[in-house]
Amino acid sequence: MTPHDIATALQDEILSGALPPGTPLSQSDLARQFQVSRIPIRDALAQLAADGLITASPNRTATVVELSRKDIESLYHMRILLEGDLLFRAVPLMNAQRLRAIDYALQRSSLEARQQNWAEGDQMFHAALYAAADSPQQVALCDDLRRKCRAQIAGYHQLSDQTERWLSEHEAIVTACHAGAPKEARRLLRRHLKAARNLLLRAMRKAETPQP
């Protein structure tokens, strides 16, 4: 396996919750798991560290990133600003073809919402929303922020309990897009992201509270 293959496999485990935040990743253990030498493992971990999904330490052990509540607030603050701006600029440029792509992405994300690969559908939905803005660098920044948030979300299960709410909010955003209402679409998106942030923060606080 190549370092890219290994990094992709580990990223999938991190983003699915199989390797939750705080999990140690030993180079020697991973080398046995993937049946390779430590060199491709080291390169794969370097790639994941560059993506902000793990932290590397000098003793050949890495750890899945475990962010603080302050870190989460900062990530979502940037997402709200950047994604809200993208959608606000995209809505006036949405033609019939763009809207059909958004409708398709909404349908797919709704079908996959209760499946293990829910995040892929959600990613496709948000990508379709912002495509008309034609701002690939800003979209890439948003993708990176979303990936880091998703790695933390995967460590908890409360967000999946809100599936109906998320789908309803997605539908409302799409309705605003079809109406050609950029301010309303941005308002709904910001509300959607703030709700996800608040739910994650509550889950983190609950996990930190000692159980009787």
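In this predicted model, the contact between H5 and H6 brings together Ala-101, Ile-102, Tyr-104, Ala-105, Leu-106, Arg-108, Ser-109 and Glu-112 of H5 with Trp-118, Glu-120, Gly-121, Asp-122, Met-124, Phe-125, Ala-128 and Leu-129 of H6. By residue class, this contact divides into 10 nonpolar, 2 polar and 4 charged residues. Helix H6 also meets H7, through residues that include His-126, and the buried residues of H8 pack against helices that include both H5 and H6.

**H5 and H6**

- The axes of H5 and H6 lie 8 Å apart, and the two helices pack at an angle of about 165 degrees.
- Because angles over 145 degrees count as roughly antiparallel, H5 and H6 are placed in that class.
- The crossing in which H5 passes H6 is left-handed.

**H6 and H7**

- Helix H7 spans residues 136-153, and its axis comes within 12 Å of that of H6, the two crossing at roughly 155 degrees.
- This pair, H6 and H7, is therefore also described as roughly antiparallel, while its crossing is right-handed.
- On the H6 side the contact is made by Ala-119, Glu-120, Asp-122, Gln-123, His-126 and Tyr-130, and on the H7 side by Val-139, Asp-143, Arg-146 and Arg-150.
- The residues of the contact of H6 with H7 comprise 3 nonpolar, 2 polar and 5 charged.

**His-126 in H6**

- His-126, which is found in helix H6, has a relative accessibility of 1% and counts as buried, because the cut-off for that class is under 20%.
- Leaving aside residues up to four places away in sequence, His-126 touches Glu-83, Arg-146, His-170, Leu-189 and His-192.
- Among these partners of His-126, Arg-146 belongs to the H7 side of the contact with H6, and His-170 is one of the buried residues of H8.

**Helix H8**

- Helix H8 covers residues 163-178, and its 16 residues reach 23 Å from the first C-alpha to the last, which is close to the 22 Å expected at 1.5 Å a residue.
- Its buried residues are Thr-163, Trp-166, Leu-167, Glu-169, His-170, Ile-173, Val-174, Ala-176 and Cys-177.
- After H8 comes Gly-180, whose phi is positive, near 65 degrees.

How values were computed: Residues are numbered from 1 along each chain as its sequence is written. This is a predicted model: local features need pLDDT of at least 70, side-chain atom pairs count only at pLDDT 80 or more; totals for chains, interfaces and linings use all residues. Side-chain values use heavy atoms; hydrogens and water are left out. Helices (H or I, at least four residues) and strands (E, at least two) are DSSP runs, numbered from the N terminus. The expected span of a helix is 1.5 Å times one less than its number of residues. Buried means under 20% relative accessible area, exposed over 50%, partly exposed in between (1.4 Å probe, protein chains only). Contact means heavy atoms within 4.5 Å. Axes are lines fitted to C-alpha atoms, for helices over the stretch in contact, and angles run from 0 to 180 degrees between N-to-C directions. Angles under 35 degrees count as roughly parallel, over 145 as roughly antiparallel, 65 to 115 as roughly perpendicular and the rest as oblique. A crossing is left-handed if the near helix is turned anticlockwise from the far one by less than a right angle, and right-handed if clockwise. Ala, Val, Leu, Ile, Met, Phe, Trp, Tyr, Cys and Pro count as nonpolar, Asp, Glu, Lys and Arg as charged, and the others, Gly among them, as polar.
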